[in-house]
Amino acid sequence: MKAVLASHNKKKMAEMQAILSQLGVEVLSQADVGVDLEPEETGTTFEENARIKARAVMQATGLPAIADDSGLVVDALNGEPGVYSARYGGPDLDDTGRWQLLLKNMEGQTNRACKFVSVICCAFPDGSEVMARGECPGVVAQGPSGAGGFGYDPVFYLPEWGKTMAQLTPEEKNGISHRGRALRRFQEEWEKTRNGTDQ
Ligand code: IMP
């Protein structure tokens, strides 16, 4: 089966492609099908935003479309940046600016518990969908370490590894990350609900 990935983020796409290929899904980018959509993420939950993105690309292409919505949820900041993780601090900040802002907003905080959340949604032209959520708990570090990954990875500390997410190899990250977990749940849901309907 062919499916279009709604994301433009190359690193996210690579992480998703690695797992989706195991499901026998031939993954196409928006560029492959001549579409360039960046739907507005108007939802207030990761589920709503993943559905908005997947449906928009499915409707534009007529093909099943897969979207992920993800972000960092910080307990001491009442769940911020949450669904606004990519837009935290406004459009002028890059990844580094965003985690610097996060560290600033966490100054003096003793409760540094946080989690990454990822929701994957595949919207099908017949109106059905497959959706799955994965979470990865961690701690907001006092400062950055590591050069791998992307986004908030350099300040996402994993106590059981004694490392930040940015210090893991891509395979180690996939093994424990919110996106890896969501993709594996997605695979289970897919096999339960799509079995026999895709060929
Ligand atoms: P969106 O899913 O495109 O709305 O963007 C999610 C944002 O959350 C990204 O731009 C990152 O800032 C952050 N994020 C999501 N997943 C990860 C991850 O695996 N590592 C670090 N940051 C992430």
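The ligand sits in the largest pocket of this predicted model. A pocket is an open set of points on a 1 Å grid over the protein atoms alone, with protein on both sides within 12 Å along at least five of seven lines. A molecule sits in a pocket if more than half of its atoms lie within 2 Å of its grid points. Residues are numbered from 1 along each chain. In this predicted model, local features need pLDDT of at least 70, side-chain atom pairs count only at pLDDT 80 or more, totals for chains, interfaces and linings use all residues, and side-chain values use heavy atoms, with hydrogens and water left out.

The ligand is surrounded by 17 residues (a heavy atom within 4 Å). Lys12, Ser70, Asp153, Lys173 and Arg179 are the closest. The shell comprises 8 charged, 5 polar and 4 nonpolar residues. Strand S3 (65-74) and helix H5 (178-194) each give two or more residues to this shell. S3 supplies the largest share, 4 residues.

Polar contacts (N or O atoms within 3.5 Å) involve side chains and backbone. A polar side-chain atom of Asp69 lies 3.1 Å from a ligand oxygen. An N or O atom in the side chain of His178 is 3.1 Å from a ligand nitrogen. A polar backbone atom of Phe150 is 3.4 Å from a ligand nitrogen. Taken alone, the ligand exposes 490 Å² (Shrake-Rupley, 1.4 Å probe). The protein buries 92% of that.

S3 also belongs to an open, mixed sheet of 7 strands, ordered S2-S1-S3-S4-S5-S6-S7. Strands (DSSP runs of at least two residues) pair if at least two bridges link them. S2 (26-28) and S7 (163-164) are the edge strands. S3 pairs with S4 (residues 113-123) in the antiparallel sense over 10 bridges. Asp68 stands opposite Ile120 in S4.

Technical notes: Polar contact = N/O pair within 3.5 Å; in protein donor to acceptor, adjacent residues only side chain to side chain. 1 Å grid on protein atoms, 1.4 Å probe; cavity = no way out; pocket = protein on both sides within 12 Å on 5 of 7 lines; lining within 4 Å. Nonpolar A, V, L, I, M, F, W, Y, C, P; charged D, E, K, R; others polar.
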